[in-house]
Amino acid sequence: MASIKLTQVNLEFPIFNARSNSIRQKLLNIGTGGRIGSTSGHRVVRALSDITISIEDGERIGLIGHNGSGKSTLMRLIGGVYHPTNGTSNVVGRVSTIFELGIGADSDLSGIENILRVGVMMGIPHKKVKSMVPDIAEFTELGEFLEFPVRTYSAGMAMRLYFAMALFSEPEILLIDEVFGAGDAAFQNRALERLKKQIFESHIFLFASHSGDLIRQFCSKCIVMSHGKIVYIGQTEEALSEYDRISKEA
């Protein structure tokens with residue numbers, strides 16, 4: 001059973017070579033809602049504050065908030081990109097992310113070698129990853145380029161490969177930060193259909209987006225964030241209404 005449990009999680013990033021009494025720092029304090037402070041004599045940005053959530057198997061959760069509210073940071077913490085400064089984070093289940101595409105890939109390796117490499121790094125058995133290669137090849141339409149080093153790809157070709165690798169990873173926990181566009185309209189349509197299948201089959205789905213329509217389509221509950229804090233958790237319509245209220249007051 002997949003699960004995500006965070007308890008009183010804080011995440012801070014140190015600011016080096018920053019003078020605490022500078023006008024610039026005072027302006028930053030105002031602009032970030034006072035989230036810049038000091039810890040052990042160092043200036044820090046507190047990106048997440050006192051985050052406590054419990055997400056169980058079967059839940060489809062939307063993550064909404066203004067730019068800079070902490071949505072993407074929280075997603076990356078759950079995905080293992082960041083680790084809490086303090087508090088506890090317990091994520092049970094194989095995680096796939098559609099925001100940090102291409103993590104673990106090596107541009108000197110071929111497309112096929114990267115599929116095998118990244119798949120195994122994600123915890124998928126080697127035999128299973130090998131069985132996925134023909135489907136990924138057909139999906140990306142990269143043809144013989146899959147035999148070439150990824151460094152020879154255009155940016156769009158590499159993105160199609162990485163996007164397909166994420167879409168075919170069969171995760172237990174699926175994290176998406178906005179809808180990622182890669183390739184032409186035909187590829188994006190195929191990607192959306194595959195994405196819907198993956199959302200349905202995942203045990204937990206967490207989706208950060210500014211689109212109320214997409215949130216309504218895929219999520220039954222939402223978490224509303226503001227200035228690195230969770231300010232509301234509830235059913236989708238109520239959460240969207242709360243977000244609208246907060247946005248109008250900002």
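**View 1. Arginine 190 sits over the ring of phenylalanine 139.** In this predicted model, arginine 190 lies over the face of phenylalanine 139, 5.6 Å from the ring centre. A charge counts as sitting over a ring if NZ of Lys or CZ of Arg is within 6 Å of the ring centre and within 35 degrees of the ring normal. Arginine 194 lies over the face of phenylalanine 168, at 4.0 Å from the ring centre. Local features here need pLDDT of at least 70 and side-chain atom pairs count only at pLDDT 80 or more, while totals for chains, interfaces and linings use all residues. Residues are numbered from 1 along each chain as its sequence is written, and side-chain values use heavy atoms, leaving out hydrogens and water.

**View 2. Helix 4 has a kink at valine 133.** Helix 4 covers residues 126-140, which is 15 residues; helices are DSSP runs of H or I with at least four residues, strands are E runs with at least two, and both are numbered from the N terminus. From first C-alpha to last, helix 4 reaches 21 Å, close to the 21 Å expected at 1.5 Å a residue (1.5 Å times one less than the number of residues). The kink is about 30° and comes shortly before proline 134; the bend is the angle between axes fitted to the seven residues ending at a residue and the seven starting there. Just after helix 4, glutamate 141 takes a positive phi of about 55°.

**View 3. Which helices do the buried residues of helix 4 pack against?** They pack against helix 3 (111-121), helix 5 (155-167) and helix 6 (185-201), where contact means heavy atoms within 4.5 Å. Among these buried residues are Val133 and Phe139. Buried means under 20% relative accessible area, exposed over 50%, and partly exposed in between, using a 1.4 Å probe and protein chains only.

**View 4. Phenylalanine 13 and tyrosine 82 form an edge-to-face pair.** The whole structure holds seven aromatic pairs. Here the ring centres are 5.2 Å apart and the planes meet at 70°, so the pair is edge-to-face. Rings of Phe, Tyr and Trp (its six-membered ring) pair if their centres lie within 6.5 Å; planes under 30 degrees apart are stacked, over 60 edge-to-face, and the rest tilted. Phenylalanine 13 lies in strand 1 and tyrosine 82 in the loop between helix 2 and strand 5, so the pair ties together parts 69 residues apart in sequence.

**View 5. Phe145, Phe148 and Tyr153 form one aromatic cluster.** Phenylalanine 145 is partly exposed at 33% relative accessibility, whereas tyrosine 153 is buried at 9%.
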